[in-house]
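This report describes a protein structure for a reader who has not seen it before. Please look over the sequence and the structure first.

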Amino acid sequence: MPALVPPAGGFTWSDYRRWPEGERWELIGGAAFAMSPAPSIRHQEVVLRLSSRLEQQLRGRSCRPFVAPTDVKLSESDVVQPDILVVCDAAKIAPTHIEGAPDLIVEVLSPGSSARDLRDKKALYERSGVREYLVVDPLEHYAIRFLLGADGYDKGTVFAADEPLCFVTLESLQVPLWELFDLPGPAAGDAATPRGPDDRGADAG
């Protein structure tokens, strides 16, 4: 539930910018959601491993990765701080925030926010034009990738811990999912074939 009662018409970017810097909030449809308590150590480990691998593989390219807390202004009433995001259009990178939809957003699930990540944020990212949305479950060891098409997001592709994770919007850049979870890799000869946008594998839901 929203942590603050919004004024008539909801909170806006201007309201958000006036709130204390020591507090972390997100706006979804003008409703304010507190981003607390702090994420678990497991959550932060996965964020760190994935963000470092993206930074290494994107070095020298036009696409730039960012981590929370980075403000992403999707509209006057929608402001979020995704765990990880990648922006390939330099014009969207302002001194204080990202203006418009990133190309890729990653949310690492936490028990207190997983429903919002899978429902409210997914719907927001879809209508805002985020081309690729990835949710990662650090406890159950899987990821779901949603790709934006003409009719919105697809049904989602599930990646198991022993599979390489393929980022379609980043020219099929790959990250071994087992490394993010600090698990043993697949045995020689058992490694899964990387899956692109046309190989949906297991659908989510």
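**Overall make-up**

The model is predicted. The protein contains 5 helices and 15 strands. Of its 205 residues, 46% are buried. Its accessible surface amounts to about 10100 Å², and carbon and sulfur atoms account for 52% of that surface. Among contacts in the protein with a separation of 6 or more, 54% are between residues 24 or more positions apart.

**Salt bridges**

Side chains of opposite charge can pair when their charged atoms come close. In the whole structure, a search finds 14 salt bridges. The table lists some of them.

| Pair | N to O distance | Location |
|---|---|---|
| R17 and D71 | 4.0 Å | helix α1 (residues 13-18) and the loop between β3 (64-67) and β4 (72-75) |
| R42 and E45 | 3.9 Å | both in helix α2 (residues 41-58) |
| K121 and E107 | 3.0 Å | helix α4 (residues 120-128) and strand β8 (residues 104-108) |

**R17 and D71**

R17 forms a salt bridge with D71. R17 has 42% relative accessibility and D71 has 12%. Buried means under 20% relative accessible area and exposed means over 50%, so R17 counts as partly exposed and D71 counts as buried.

**R42 and E45**

How many residues apart are R42 and E45 in helix α2? R42 and E45 are 3 residues apart, which is about one turn of the helix. Their side chains meet in a salt bridge. With a relative accessible area of 33%, E45 is partly exposed.

**K121 and E107**

The salt bridge between the side chains of K121 and E107 also joins distant parts of the chain, with K121 in helix α4 and E107 in strand β8, 14 residues apart. Are these two residues buried or exposed? K121 is buried because its relative accessible area is 3%, under the 20% limit. E107 is buried as well, with a relative accessible area of 2%.

K121 and E107 also belong to a network of salt bridges. Besides these two residues, E26 and D117 are linked in that network.

Definitions and conventions:
Residues are numbered from 1 along each chain as its sequence is written. This is a predicted model: local features need pLDDT of at least 70, side-chain atom pairs count only at pLDDT 80 or more; totals for chains, interfaces and linings use all residues. Side-chain values use heavy atoms; hydrogens and water are left out. Helices (H or I, at least four residues) and strands (E, at least two) are DSSP runs, numbered from the N terminus. Buried means under 20% relative accessible area, exposed over 50%, partly exposed in between (1.4 Å probe, protein chains only). Contact means heavy atoms within 4.5 Å. Accessible areas come from the Shrake-Rupley method with a 1.4 Å probe; for residues, only the protein chains shown count as cover.
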